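Colleague: I have a few questions about this one before I set anything up. Can we go through it together?

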Amino acid sequence: LLEYDGSGLGIEKIRDEVMRSGAFTKLVAVLTGLRLLGQVDGVRRFRPGADYTVAYHKLLEPDTRLDATLCFAPPSDGWVTGDLGGFECYIAADSSELVAAETYGNEDDSGNDLININANNNTLSLVARDEQMMRFVKYVSSAAPGSRWDVITTYEVECDAESEEAEEDDDEECPEAEE
């Protein structure tokens, strides 16, 4: 169990000693069955009444990525129900009519959602996304009991010949590795 006091102190240590470790990368590879290449990581804080991220087409990746997000948030039923916002949302980018869903409290914003992951303390989410998926964190309500903190690692994913055959059987394409 990771301990986090909500102040931001020690979050870089969690990133450095857990998320960047070879053991963690191996665990993620085993859990997902993916071949992980390079990684980019960071620490994010979303303060009540102040922070969110925006999804836009210029942030699209050229190939498949795996997002590993370790979330820390103070306990509240509002996170679970989505009433406080602060959830990570993955949407389809190929829709001609994207709905702006980054605004808190918009009831008509779920048309493009592929998956929403609610803030929850000490939880790890793993999401594989292709080049047509965008992600953002919804605005955190000023009623939230504290900040949502994330340690996020995004892995580049390589598809080998075996993975391509499995994907072809499912009528889905596996992106080609960059040369």
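Modeller: What follows goes through the helix, the sheet, the cores and the salt bridges in turn.

Colleague: What kind of model is it?

Modeller: The model is predicted.

Colleague: OK, start with α1. Which of its residues are buried?

Modeller: Helix α1 covers residues 11-19, and its buried residues are Ile 11, Ile 14, Arg 15 and Met 19. Seen down the helix axis they fall within an arc of 100°, so they line one face of α1.

Colleague: And which exposed residues sit on the face turned away from that?

Modeller: Lys 13 and Glu 17 are the exposed residues there.

Colleague: What do the buried residues of α1 pack against?

Modeller: They pack against helix α2 (22-32) and against the strands β1 (35-46), β2 (65-72) and β7 (148-158). The helix lies across β1, β2 and β7, and runs at about 25° to β7.

Colleague: Now the sheet. What is the strand order?

Modeller: It is an open sheet of four strands in the order β1-β7-β2-β5, with antiparallel pairing. The edges are β1 and β5 (123-129), each with a single partner strand, so one side of each has no neighbour in the sheet. Neighbouring strands are turned by 20° against each other on average, ignoring direction.

Colleague: How many bridges join β1 to β7?

Modeller: There are 10 bridges between these two antiparallel strands. In one of them, Arg 45 has Trp 149 of β7 as its bridge partner.

Colleague: What about β3, what does it pair with?

Modeller: Strand β3 (residues 88-92) is joined to β6 by five bridges, and the two run antiparallel. Ala 92 has Met 133 as its bridge partner in β6. Strand β6 (residues 133-137) is mostly covered, with four of its five residues buried.

Colleague: Switching to packing. How many residues does the largest nonpolar core have?

Modeller: It has 14 residues, and Phe 72, Val 151 and Tyr 155 have the most contacts inside it. The elements giving two or more residues to this core are α1, α2, β2 and β7. Another core, of nine residues, lies apart from it and includes Trp 79, Leu 84, Val 137 and Ala 144.

Colleague: Next, charges. How many salt bridges are there in the whole structure?

Modeller: A search finds 10 salt bridges. In one of them the side chains of Arg 20 and Asp 41 meet at 2.7 Å, N to O. This pair links distant parts of the chain, with Arg 20 in the loop between α1 and α2 and Asp 41 in strand β1, 21 residues apart.

Colleague: How accessible are Arg 20 and Asp 41?

Modeller: Arg 20 is partly exposed, at 41% relative accessible area. Asp 41 is also partly exposed, at 22%.

Colleague: Which residues are linked with Arg 20 and Asp 41 in a network of salt bridges?

Modeller: Arg 15 and Asp 16 are in that network with Arg 20 and Asp 41.

Colleague: What forms a salt bridge with Asp 51?

Modeller: Arg 47 does, with the closest N and O atoms 2.7 Å apart. Asp 51 counts as buried at 15% relative accessibility, whereas Arg 47 is partly exposed at 39%.

Colleague: Last one, Arg 129 and Asp 67. Where are they in the chain?

Modeller: Arg 129 is in strand β5 and Asp 67 in strand β2, 62 residues apart. Their side chains meet in a salt bridge at 2.6 Å, N to O. Arg 129 is buried, with a relative accessible area of 4%, and Asp 67 is buried at 1%.

Note on methods
Residues numbered from 1 in each chain as written. Predicted model: local features only at pLDDT ≥ 70, side-chain atom pairs only at ≥ 80, totals over all residues. Heavy atoms only, no water. Buried < 20%, exposed > 50% of the residue type's maximum accessible area, 1.4 Å probe, protein only. Arc of directions from axis to C-beta. Contact = heavy atoms within 4.5 Å. Pairing = 2+ DSSP bridges. Axes fitted to C-alpha atoms, helices over the stretch in contact; angles between N-to-C directions. Core = buried A, V, L, I, M, F, W, Y, C linked by side-chain atoms within 4.5 Å. Salt bridge = Lys/Arg side-chain N within 4 Å of Asp/Glu carboxyl O.
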